[in-house]
Amino acid sequence: TDLFPAGTTRMNGVKFYGSREPDEIVALSIATRPDCLPEETVALLQRINALKPVSVELGLQTVHEPSVTYIRRGYVNQGYFDAGVRLKEAGIEVVTHIILGLPGESREMLVEQAGLLSSLPLSTLKLHQLQLIRGTRMAAEELQHEKQLAHHGTARAGADRACVPVL
């Protein structure tokens, strides 16, 4: 099998010869963005998948466009959906990452997201809790928000726990 037809021996500066040899390599797992998967890349992964199992991890993070803008993900949801379908049609496992507890996402939004995710052609779903890093814009905004809630005598609801039973 010619994995690398003329002009395709390199993909984004990374050689993929190791996906075939040595025999100790049993699978290839790639984590990337959906906008980094043009047709020729999916075709290359499909050829590799004929020799060794391939899975592609895509960071969707959320299906809600206001949250997408807020976290500055850098691509629209449709790009994820298109890439997921193309990978699935190529016989490649799709692993999706979601962040639970994003600012502004309610319990209802998480339940809605869970319903949408269950209809997608993905093999695995990885759930991550929101991690705030001291000194970042989001951490500062959340600290300010918590102070406002405390001032008004209310507490943040655990909306991230809402979607787990639905999944």
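Threonine 32 has leucine 58 in strand 4 as its bridge partner. Strands here are DSSP runs of E with at least two residues, and helices are runs of H or I with at least four residues, both numbered from the N terminus. The model is predicted, so local features need pLDDT of at least 70 and side-chain atom pairs count only at pLDDT 80 or more, while totals for chains, interfaces and linings use all residues. Residues are numbered from 1 along each chain as its sequence is written, and side-chain values use heavy atoms, leaving out hydrogens and water.

Serine 29 likewise stands opposite serine 55 in strand 4. Strand 3 and strand 4 (residues 54-61) pair in the parallel sense over five bridges; two strands count as paired if DSSP finds at least two bridges between them. They belong to an open sheet of four strands with the order 3-4-5-6 and parallel pairing. Strand 3 (28-32) and strand 6 (124-129) stand at the edges with a single partner strand each, so one side of each has no neighbour in the sheet. On average, neighbouring strands of this sheet are turned by 25 degrees against each other, direction ignored.

Strand 4 is largely enclosed by the rest of the structure, because eight of its eight residues are buried, that is, under 20% relative accessible area with a 1.4 Å probe, protein chains only. Val54, Val56, Leu58 and Leu60 point one way from the strand, and Ser55, Glu57, Gly59 and Gln61 point the other way.

Helix 3 lies across strand 4 and strand 5 (93-100), running at about 165 degrees to strand 4. Angles run from 0 to 180 degrees between N-to-C directions, and axes are lines fitted to C-alpha atoms, for helices over the stretch in contact.

Helix 1 (residues 39-49) and helix 3 (residues 77-89) also pack together, at an angle of about 30 degrees and with their axes 10 Å apart. Glu39, Val42, Leu45 and Gln46 in helix 1 meet Arg86, Leu87 and Glu89 in helix 3, where contact means heavy atoms within 4.5 Å.

In the largest nonpolar core, of 24 residues, Leu37, Leu45, Val56, Leu58 and Leu87 touch the most other members. Such a core is a set of buried Ala, Val, Leu, Ile, Met, Phe, Trp, Tyr and Cys residues joined through side-chain atoms within 4.5 Å.

How values were computed
Buried < 20%, exposed > 50% of the residue type's maximum accessible area, 1.4 Å probe, protein only.
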